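Thanks for sending this one over. Here are my notes, in numbered points, to read beside the model.

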Amino acid sequence: MHVEWRDDEDVFDDPAWARAWRLDPEATIFHRPSFLGRYREALGRGRLAVALVGDQGPPVAACAFEIEDEVLRFLGGFEATDYEGPVGDPAVRRSAAAA
């Protein structure tokens with residue numbers, strides 16, 4: 001598996017992330033890139049770090065973080081939801097997480 005790290009705000013409009021979200025039957029609206037982009041605009045505080053994970057093709061998993069004061073946390077914050085974390089194809093969850 002290959003991890004592409006993104007720190008630009010354009011990542012919220014990347015169709016690859018939206019595709020990874022659609023592949024996950026357990027994903028919620030709170031995992032959706034468009035929701036997290038709005039959250040970041042309103043409440044984001046740290047540096048953005050988004051991992052897009054794929055294996056010789058388009059990403060099959062994604063996870064968004066923010067880094068503040070050298071602390072890495074899932075993007076989405078407890079202020080808005082407790083549904084945070086990665087999304088992606090359930091068939092590759094373990095290998096994507098290991099990447």
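**Notes on the fold and on R40**

1. R40 touches E9, F12, R45, G46, R47, L48, E66 and L75, leaving aside residues up to four places away in sequence; contact here means heavy atoms within 4.5 Å. This is a predicted model, in which local features need pLDDT of at least 70 and side-chain atom pairs count only at pLDDT 80 or more, while totals for chains, interfaces and linings use all residues. Residues are numbered from 1 along each chain as its sequence is written, and side-chain values use heavy atoms, with hydrogens and water left out.

2. R40 sits in helix α2, residues 33-43. Its relative accessible area is 14%, so R40 is buried (under 20% relative accessible area, with a 1.4 Å probe and protein chains only).

3. Stepping back, the protein chain has 4 helices and 5 strands, in the order β-α-α-β-β-β-α-β-α along the sequence. These are DSSP runs numbered from the N terminus: H or I of at least four residues for helices, E of at least two for strands.

4. How much of the protein chain is buried? Of its 99 residues, 42% count as such. Among contacts with a separation of 6 or more, 61% join residues 24 or more positions apart.

5. Along its principal axes, the C-alpha trace spans about 35 × 25 × 20 Å. The accessible surface of the protein chain is about 6,000 Å², with 51% of it belonging to carbon and sulfur atoms (Shrake-Rupley method, 1.4 Å probe).

Note on methods. Buried < 20%, exposed > 50% of the residue type's maximum accessible area, 1.4 Å probe, protein only.
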